[in-house]
Amino acid sequence: DELASYGMNAWIDGEECNTYFELVINPESLEDVSNMFSVFKDVNFAVSKFYFGPLQLNLIFSQGSFYSTLKDASYGEQTLFDEEFPNVQTKGAGVLLKTYTTEDEGDGNIILSSEYKKLSLWLAIEPDLLAAKLKLERNVLKRVQDNESKSENETKECGNYLNDTQKLDDQDNLCCINDESLWNRAESAFEGGYTQTFLLMKASEEESNERRAFFRYGNWCYGGFLDMDHKVNLAELPHVLRKFQQQQGKLEYMFECEPSKFPESLPFTKPMQHLGMATALIEEEVGKSEEILTKLNEYHESRGLSTWINQETGQQYFELECVPQNQEHYKDVDILASKVYFQEVICIIVYFKGSFYVTLSASVDDQPLLDMSFPDVSSKGRGFQIFSYNHREFKKLMLWQSERSVWETANRAVLERKRR
């Protein structure tokens, strides 16, 4: 169920299942003569097969780990000398299932045990695919070593496709941002679109539920104070914004104008103006990422790897990570959320604690006057770093796969309202 929530069944449920489990033993257990695993201290390897009704369990011990596979044994009688054992030499895609510790850390995924370290599930790489992967790695390494004679773009491209979590720490690989161009396009980002923006400030007193709030509907602007007893964190975002809407009648009409003309004395002015600049950057960078993500997806498909980038599961979202110490525009902001209806696309941008989270979805039928469906972007599964930036405020752009559809929470709320 945990793997299914990440859409990872493809490499687990296939007819030719090449997966195996690895249980890593705590090295101290092998040295402790009072521990039952100390008998394996001088064992090079051990193999065994067990038959449980229609199932066959293959168990291998080697180098401090137990490797196991389950196989269907219901197809007939077993040969007396079955010498076929699974390939557990290579590791492709994998997921950490459990971690073991001797101290209770309050994590549901942690089990108290002094004998084990961790339990993982791995996908064994077929020999021809492994050879292709090693060849690709050698080619990438050669290109990096010959960097002086080859273009930087070629080296960067190969590096991006080798690992989903590729990190670009080399300053030469950092993308530059033209601030002047972005500020000039702050008002024209997603030009022709229609925007709703919700801004919730931090409480003036630590124990107070009263929050100053601002709402922009097109160019109509409303402000005032709301009673917000919800804990403001990323997971609670859909609930916080629904409560925002429920109290929206408390906000008074202020004026009608674009953020560039907001009065400088208002606490909403700087974050709203900066949001326009950040939106222009997001529009540009997300558009540029399409070619890179398409090539990455094609690379995964050509290698028989699990693809997740173009799957229409509602689990993908972007994160534009900022430099934490250079976020003075948002120092008094708890949550800033913007929803842009542009042609047949809905772009949602949420700023929270130093990052902009972005989702793109199709605009279906007519939208309600005040659409309060916002995504849950609190979980992160697989990820891919698209760009890194040499900039004072912006750090990198990532694509993430959520544990579940980012719309699951919002959809439940809609169904609950209809039920009532």
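Two pieces of the structure are in contact when their heavy atoms come within 4.5 Å. Keep that in mind for this predicted model.

Start with the sheet. Ten strands, or 10 in figures, form an open sheet with antiparallel pairing. Their order is β11-β10-β9-β8-β13-β14-β15-β12-β17-β16. The edges belong to β11 (252-256) and β16 (383-388). Each has a single partner strand, so one side of each is left without a neighbour in the sheet. From one strand to the next, the twist averages 20°.

Helix α6 covers residues 269-302. This helix lies across β8, β9, β12 (316-322), β13, β14, β15 (355-362), β16 and β17. Helix α6 runs at about 115° to β16. Helix α5, residues 237-246, also lies across strands of the sheet, among them β10 (220-227) and β14 (345-352). Its angle to β8 (194-201) is about 100°.

In one of the pairings, Gly383 has Trp400 in β17 as its bridge partner.

The loop between β16 and β17 holds Arg392. Is Arg392 buried, exposed or partly exposed? Arg392 has a relative accessible area of 44%. Buried would need under 20%, and exposed over 50%, so Arg392 counts as partly exposed.

What does Arg392 touch, leaving out residues up to four places away in sequence? Its contacts are Val323, Asn326 and Glu328. With Glu328, the side chains make a polar contact at 3.3 Å. Gln325 lies 67 residues from Arg392 along the chain, yet their C-alpha atoms are separated by 9.4 Å.

Note on methods:
Residues numbered from 1 in each chain as written. Predicted model: local features only at pLDDT ≥ 70, side-chain atom pairs only at ≥ 80, totals over all residues. Heavy atoms only, no water. Pairing = 2+ DSSP bridges. Helix = DSSP H or I, 4+ residues; strand = E, 2+ residues; numbered from the N terminus. Axes fitted to C-alpha atoms, helices over the stretch in contact; angles between N-to-C directions. Buried < 20%, exposed > 50% of the residue type's maximum accessible area, 1.4 Å probe, protein only. Polar contact = N/O pair within 3.5 Å; in protein donor to acceptor, adjacent residues only side chain to side chain.
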